[in-house]
Amino acid sequence: MTLSNTERRIVENSIRDIKDFPKPGIVFKDITTLLNDREAFGVTMNHLYQKYKEYNLDYIAGIDARGFIFAATLAQMLGIGFVPIRKKGKLPYTTISEKYSLEYGVDEIEVHIDAFSNIPNARVLLMDDLIATGGTANAAARLINQAGASCVEACFIIALDFLDGQKELKKSTEVYSLVEVK
Ligand SMILES: O=P(O)(O)OC[C@H]1O[C@H](OP(=O)(O)OP(=O)(O)O)[C@H](O)[C@@H]1O
Ligand SMILES: Nc1ncnc2[nH]cnc12
């Protein structure tokens with residue numbers, strides 16, 4: 001399932017490029033201008049709902065921080081649970097963690113050890129706003145599997161295809177991205 005040309009134009013035109021943020025040489029994809037545009041946010045979420053309603057998902061896991069917005073919204077639309085995958089030190093209960101590299105730094109993410117335990121062998125959709133090098137998403141998929149669940153697909157609003165993140169992640173899980181930046 002893909003976006004129609006009109007829907008694609010609405011979504012693509014709503015994403016703002018900010019040059020040299022947070023470092024010189026980075027073109028930052030700003031999704032705040034998608035979120036505050038009711039038509040673009042609506043097209044995005046309705047498309048994802050239509051795509052994932054037949055997947056028999058048990059949870060959506062969203063990545064800190066921008067991934068939370070799309071993941072929690074879609075989980076509510078699908079009537080399933082949302083699980084936050086957070087930057088190190090933010091989750092209060094026992095966690096498992098993974099280190100990873102970013103386009104502009106190094107970081108570590110965590111999930112609660114019992115986050116998926118209400119449903120045995122839970123089917124989980126991983127969500128984030130963007131995949132760049134794929135470091136974050138790969139670490140998040142490993143965390144989901146270590147927590148006893150199954151990462152059935154990873155979904156992004158934007159894939160930076162001039163980096164190899166999406167290509168690498170496809171070796172270990174299904175991947176779907178709405179907008180691919182060449
Ligand atoms: O594919 P990668 O190279 O791993 O990069 C992608 C990640 O980078 C951004 O998050 P960031 O760490 O900037 O955090 P934020 O959402 O809190 O701004 C983005 O939201 C992804 O999570
Ligand atoms: N270019 C970019 N824009 C927005 N978020 C990012 N995360 C990693 N690279 C990014």
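Which strand gives the most to the shell around ligand 1? Strand 7 does, with four residues.

## Ground rules

Keep in mind that this is a predicted model, where local features need pLDDT of at least 70 and side-chain atom pairs count only at pLDDT 80 or more, while totals for chains, interfaces and linings use all residues. Residues are numbered from 1 along each chain as its sequence is written, and chains are lettered from A and ligands numbered from 1 in the order in which they are written.

## Around ligand 1

The ligand has 19 residues around it, and Ala65, Ala132, Thr133, Gly135 and Thr136 come nearest. (A residue is near a molecule if its C-beta atom, placed from the backbone, lies within 6 Å of it.) Helix 4 (66-78), strand 7 (123-131) and helix 5 (135-146) are the elements that give two or more residues to this shell. Helices here are DSSP runs of H or I with at least four residues, strands are runs of E with at least two, and both are numbered from the N terminus.

Sorted by class, the shell has seven nonpolar, six polar and six charged residues. For that tally, Ala, Val, Leu, Ile, Met, Phe, Trp, Tyr, Cys and Pro count as nonpolar, Asp, Glu, Lys and Arg as charged, and the others, Gly among them, as polar.

## The nonpolar core

The largest nonpolar core has 52 residues, and Ile60, Ala61, Val124, Leu126, Ala140 and Ile144 touch the most other members. Such a core is a set of buried Ala, Val, Leu, Ile, Met, Phe, Trp, Tyr and Cys residues joined through C-beta atoms within 7 Å. Strand 8 (residues 150-160) gives the most to this core, with eight residues.

Take Ile60: setting aside neighbours within four places in sequence, its contacts (C-beta atoms, placed from the backbone, within 7 Å) are Ala71, Leu74, Ala75, Ile80, Phe82, Leu125 and Met127.

Two cis peptide bonds are worth a look. One runs from Phe21 to Pro22, with omega near -5°, and Pro22 sits in the loop between strand 1 (16-19) and strand 2 (27-30). The other joins Asp64 to Ala65, again with omega near -5°; Ala65 is in the loop between strand 3 (59-63) and helix 4.

Then there are the positive phi values. Asn56 is not a glycine, yet its phi is about 60°; its loop lies between helix 3 (38-52) and strand 3. Asn56 is exposed, with 9 other C-beta atoms within 10 Å. (The scale: buried at 20 or more other C-beta atoms within 10 Å, exposed at 12 or fewer, partly exposed in between, with C-beta atoms placed from the backbone.) Asn121 has a positive phi near 50°, in the loop between strand 6 (105-112) and strand 7, and counts as exposed with 9 C-beta neighbours inside 10 Å.

Note on methods:
Two residues are in contact if their C-beta atoms, placed from the backbone, lie within 7 Å.
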